[in-house]
Amino acid sequence: MKKIFYAPLLLLSSLLYAESFTFQEEVRVVTSKPEYRMVTTRTPFQECWDEQLETHYAPTPQHNDGSGVVGGVIGGVAGGVLGHQIGGGSGKTAATVGGAIVGTLVGKNLAEQNSYAPPPPPTYRTERRCTTRYEEKSAEKFMGYRNTANYKGQSIVKYSDQPLEFIHMSVTVSY
């Protein structure tokens, strides 16, 4: 029973008497060296050029000016006349009708072929094209001074904007 009572009492008394204190100390700097780092910057710029593009137009719609009908009639009459002269006897009628049909088809096709306009020559338009490119530049940049000191066998490093003579330390001792 006594052991159970003494263990917490011992723990509580050690916590009450535990103390620490802090003091400031200056340590002389042994070396102070400037540090540089390679820094790369990328600057965007636009590169543009003009490009010639061919423009195609849809064919013009057919105009029904009657030239196919007129050609068919003229072809039919010419075919009928030729068929009438070729045929003889009862075949004369069949040759006239056949010549008229063939003449009509040939005359209509020839008339329609002549009514088509040739396609216009290609035209070109200028279009501006651009792309983004990057220019890279690398340079060494000053990062600061690396100040090194020794304190009780250990190396201490502190970075600063200028070389230091001393490094100021805060030392805490607990017991």
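How many disulfides does the structure hold? In this predicted model, the structure holds one.

## The disulfide

The bond joins Cys48 to Cys130, with an S to S distance of 2.1 Å. Since Cys48 belongs to strand 1 and Cys130 to strand 2, the pair ties together parts of the chain that are 82 residues apart in sequence. The link of Cys48 and Cys130 is right-handed, with 110 degrees about the S-S bond.

## The nonpolar core

The largest nonpolar core is made up of seven residues, namely Val27, Val29, Ala149, Tyr151, Ile167, Met169 and Val171. At least two residues of this core come from each of strand 1 (20–55), strand 2 (123–151) and strand 4 (166–174), and strand 4 gives the most, with three residues. In soluble globular proteins, nonpolar side chains tend to be buried together.

Val29, one of the core residues, is in contact with Asn147, Thr148, Ala149, Leu164, Glu165, Phe166 and Ile167, when its neighbours within four places in sequence are left aside. Of these contacts, Ala149 and Ile167 are also listed in the core.

## Aromatic rings

The structure holds three aromatic pairs, and ring pairs link Tyr36, Phe142 and Tyr145 into a cluster. A further arrangement involves a charge and a ring: the charged end of Arg42 sits over the ring of Tyr134, at 4.2 Å from the centre of that ring.

Note on methods
Residues numbered from 1 in each chain as written. Predicted model: local features only at pLDDT ≥ 70, side-chain atom pairs only at ≥ 80, totals over all residues. Heavy atoms only, no water. Phe/Tyr/Trp six-rings, centres within 6.5 Å; stacked < 30°, edge-to-face > 60°. Lys NZ or Arg CZ within 6 Å of the ring centre and 35° of its normal. Core = buried A, V, L, I, M, F, W, Y, C linked by side-chain atoms within 4.5 Å. Buried < 20%, exposed > 50% of the residue type's maximum accessible area, 1.4 Å probe, protein only. Helix = DSSP H or I, 4+ residues; strand = E, 2+ residues; numbered from the N terminus. Contact = heavy atoms within 4.5 Å. Disulfide = S-S within 2.5 Å.
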